[in-house]
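The following paragraphs give a guided reading of a single protein chain.

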Amino acid sequence: MRPRPLLTTTLLGLPLMVGGWLWLTLLSPFLYERPEHLDPIAEGPHAVYVYGTLRVPVVRWIVIGDEVETRPARLEGWRRTGLDLEPAPGEWVPGEVLTVDAEALARLDRYERLGIRYERVRHSLADGSEAWVYRRLPETP
């Protein structure tokens, strides 16, 4: 029985595997190619409403590579269902608005697999401002 090498391998291998998976899925050019039918990203600041994992500062930092300005926000008339939103009069979803530049928006698009898994649409928020919101694309049979 050799528990020490197994423990060492686990303690060293697990962080490397997680780090490799994060790089491959979030930052690498290998698993995502922006679909050609998508409009180019305009320069300038973009407001992006987030309601899931991107509300976690460490996740945002891994995805964007930097800290970004955030503020609390609400999306009224919607409810969160799993990884998506669905219309729900009288309900609301808590979230945050990120203010990002074109490069950071491209990184968010990569993370959300824009055009493959999600679409990015404009929505009005409870305070009257507008922001991009990622919505799941319908499943194809």
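For the count of charged side chains, Lys and Arg are taken as positive and Asp and Glu as negative, while His and the chain ends are left out. By this convention the chain, here a predicted model, carries 17 positive and 20 negative side chains. The centres of these two sets are separated by 8 Å.

The secondary structure of the chain comprises three helices and five strands. Read from the N terminus, these elements follow the order α-β-α-β-β-α-β-β. The C-alpha trace extends over about 65 × 40 × 35 Å along its principal axes.

Contacts and accessibility describe how the chain is packed. When contacts between residues at least 6 apart in sequence are considered, 62% of them join residues at least 24 apart. Of the 141 residues, 32% count as buried. The chain exposes about 9,300 Å², and 60% of this area is supplied by carbon and sulfur atoms.

One position may now be followed in detail. Gly65 lies in the loop that links helix H2 (57-64) to strand E2 (69-81). Is Gly65 buried, exposed or partly exposed? Its relative accessibility is 44%; the partly exposed class lies between the buried limit of under 20% and the exposed limit of over 50%, and Gly65 therefore counts as partly exposed. In sequence, Gly65 and Arg107 are 42 residues apart, whereas in space their C-alpha atoms are 8.8 Å apart.

How values were computed: Residues are numbered from 1 along each chain as its sequence is written. This is a predicted model: local features need pLDDT of at least 70, side-chain atom pairs count only at pLDDT 80 or more; totals for chains, interfaces and linings use all residues. Side-chain values use heavy atoms; hydrogens and water are left out. Helices (H or I, at least four residues) and strands (E, at least two) are DSSP runs, numbered from the N terminus. Buried means under 20% relative accessible area, exposed over 50%, partly exposed in between (1.4 Å probe, protein chains only). Contact means heavy atoms within 4.5 Å. Accessible areas come from the Shrake-Rupley method with a 1.4 Å probe; for residues, only the protein chains shown count as cover. The place of a charge is taken as NZ of Lys, CZ of Arg, CG of Asp or CD of Glu.
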